[in-house]
Every structure is written in structure tokens, then in C-alpha cells.
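Me: Can you walk me through the charged residues in this one? I have the structure open.

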Amino acid sequence: MTATATAGARAEASPTELTMAGALGAALRDAMAADDRVVVYGEDVGPLGGVFRVTDGLQAQFGEDRIWDSPLAESGIIGTAVGMAMYGLRPVVEMQFDAFSYPAFEQMVSHVAKMRNRTKGRVTLPMVVRIPCAGAIGGVEHHSDSSESYWASTPGLTVVMPSNPADAYSMLREAIDSDDPVVFMEPKSRYWARAPLALPVTTAPMDRAVVVREGNDVTLLAYGPTVRTALEAADAAIDEGLSIEVVDLRSLSPFDDETVGASVRKTSRAAVIHEAAQFGGYGAEVAARVTERNFHHLAAPILRIAGFDIPYPSPKLEEHHLPTADRVLAALDTWEWDA
């Protein structure tokens, strides 16, 4: 089957409860069935089915030639994928945990991100780098980083992060079909989030933000695991008489200025939420960008609610480190509101 085949061999079905991990696995399965150029590899993705069981059953279905376990060498995983993509395959590789990707940083920045530019468009790299990311799973050191700002600040990389099962399926299918490299970040704390899905499902294009809750007083900008936090804050704010709009950014690079700008101009106030440290974090770019483009519509400075400026803490302390709905509402209270 070719890449132009319909979305997998799966027939339309009635909705069933599916986790985000299950939706990602279904996306990989359907992509592999639709296009035999798609190969999947990484650490423990074969017989084990991945640490989070995203690839469970895929090797049994497609064989060791299409999905296999790699050596524990992240730089080698990415370097091999570059060669495969250059010669016509569409590799999907997994970094297993966010901080495990750092040994591959040079390959990602020097080669994956620059190949199209280096060859004046003659060579593209249709590859996807899956990175389980963020915290709230009780992980130890190297297992709970939020590395999105590293990749989003690298021109040449598309960086996306779904927050729910439907987006996980649709965005991963779109990422695999892309002719450019995609860093596909998967919030670990959302792997077990469930939703009724009838596959295949197509949501908004992966480079677009989505308003997931309408409101009039404040825009909360969130992505991945903090979308849930923003929605919890919006629910709690009702008792304080605040109407909060929640925007799921979904795409970190490129950034959807149109959707975000429309929401901010509507509410005149905005805050961005992420788990990574605040200093130099992704929220800094969001705040600067939104301010530059919407300054005369803003009634107050854009706030950042983020993790603290420390290395990711031990499992016993992470609940104090991560943004919560209470921290969001406390931040909003620092604004001067008109009577």
C-alpha cells in the first residue's frame, strides 16, 4: 500500500474507550498498514511493546523487519534514521524518555533540522522522533524532563504535543505523512487518559491551536499535560466570577499566531502554563510573541505559570513543583482588575 492510501486498513467503527497510549499504537499500526515504507524502532519497542506499551503487538503483526529493538544508543538511533529517511523510508523512532534524547542532540540539531536547507530542498527527512515527556508519573532523574524548548528553538524541526487520545492518533498519522522531520512529544501523565474514539479519526491540522473551552475574561494557553490543569482552573474560576478561555497550543513550532491572537484580543488577558522551568522556558517565547503581536489589546502583562527553576525534583516532591489549578488562580489574582 502507498502513502496515499486511506487512513489505515481499519474500517469505520462505533466509538470505544481508548487511552492515549492505545491511540498512538493504533496510529502506528494504521500507518504501517497503509505504507510499507514506515518502520518503527527504538529501545524496547519490539517484543516488550515499549515502556508505556504504545507499540504493544506491532512486532507480532508486522515482523522484525518493520519494527525492532535498537541498541541503547540514542545518537545512533537518530543517525540511522537520517540515513533511512534520505533513502526513501519513513522511520518512526522512540527516545523512551525525554532526558534520554540528549545524547542525540548533535544529530538532531546539526543534521535532522538542517538537511533540507543544506541540500537546497533536494533531500528531505520524513522521520518522526517520538519523545515521552514531562512529569507527574513518579519518575526518577532523567525520566521526567520537559525538553520542548530545546527542540522548538531549533529551526527546521516541527514540534508538536497532543493532550488527548483523538489528537494523539490524528497528529501522529499526520506527522508520519509529513516530508519534514517532526519531534512528536507525548506527555507521559496523559498516556492513560481515556476518551471514546471511532478510528480512524481526524482532528485539526497538527500545526493549529484549538480553543477547547470558550471564555471571555482570560485566555489560558496550555499544551500537553497542562491542558488538563488549565481546564481545572477554568472550572474552579467560575466560583470567582471569572470566565476563562482555554487554548490547547498543540503545535509548539510552528506557532499558531492566528488562533492564539484571536483569543487574546477577545479576552485582553493571557497566561501560559507549562511544567518546564520558567526561566528560558517555552512560555517566555509565547509571552514575548503574543505581546509583540497584540500589545494594544492587552489589559495586563502576560503571566507564566511554570515549574520552578530547579532540576526536576524527586517523586516525593514533584507535586509541589508542577503547576496546579490553585497556582494558576493565584497568579491571576496578581493582576489589577477593574471594579
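**Charges and contacts**

Reply: Starting with E74: this residue sits in helix α3, residues 74-86. Bear in mind that the model is predicted.

Me: Ok. What is the nearest side chain of opposite charge to E74?

Reply: K188, and K188 is 13 Å away. E74 is buried yet has no salt bridge.

Me: Which residues does E74 contact, leaving aside neighbours within four places?

Reply: E43, M95, F100, P103 and A104.

Me: Let's do salt bridges. How many in the whole structure?

Reply: The search finds 16. Take E94 and R130 as one: their side chains meet at 2.7 Å, N to O. E94 is in strand β4 (residues 90-94) and R130 is in strand β5 (residues 128-133), so the bridge ties together parts 36 residues apart in sequence.

Me: Is E94 buried or exposed? And R130?

Reply: E94 has 3% relative accessibility, so it counts as buried. R130 is buried as well, with a relative accessible area of 1%.

Me: What about E186 and R130, how do those side chains meet?

Reply: In a salt bridge, 2.6 Å from N to O. This pair links distant parts of the chain, with E186 in strand β7 (residues 182-187) and R130 in strand β5, 56 residues apart.

Me: And the relative accessible area of E186?

Reply: 0%, so E186 is buried. R130 therefore has salt bridges to E94 and to E186, and the cut-off for buried is under 20% relative accessible area.

Me: Got it. Now D167 and R250, what's the N to O distance?

Reply: 2.9 Å, in a salt bridge between the two side chains. D167 belongs to helix α7 (residues 165-177), while R250 lies in the loop between β11 (244-248) and β12 (251-253).

Me: Which residues are linked in a network of salt bridges?

Reply: D257, E285, R289, E292 and R293.

Me: What does D179 touch, not counting residues up to four places away?

Reply: R90, R116, T124, L125 and P126. Then there is V128: its C-alpha atom is separated from that of D179 by 9.8 Å, and the two residues are 51 apart along the chain.

Me: Switching to the surface. Which residues gather in a patch of negative charge?

Reply: D44, E64, D65 and D69.

Me: Where is E64 placed?

Reply: In the loop between α2 (58-62) and β3 (67-69). E64 counts as exposed, because its relative accessibility is 59% and the cut-off is over 50%.

Terms used:
Residues numbered from 1 in each chain as written. Predicted model: local features only at pLDDT ≥ 70, side-chain atom pairs only at ≥ 80, totals over all residues. Heavy atoms only, no water. Patch = residues over 30% accessible without salt bridge, like charges linked within 9 Å, V, L, I, M, F, W, Y side chains within 5 Å. Areas by Shrake-Rupley, 256 points an atom, 1.4 Å probe, with all protein chains shown as cover. Salt bridge = Lys/Arg side-chain N within 4 Å of Asp/Glu carboxyl O. Lys, Arg positive; Asp, Glu negative; His and termini not counted. Charge placed at Lys NZ, Arg CZ, Asp CG, Glu CD. Helix = DSSP H or I, 4+ residues; strand = E, 2+ residues; numbered from the N terminus. Buried < 20%, exposed > 50% of the residue type's maximum accessible area, 1.4 Å probe, protein only. Contact = heavy atoms within 4.5 Å.
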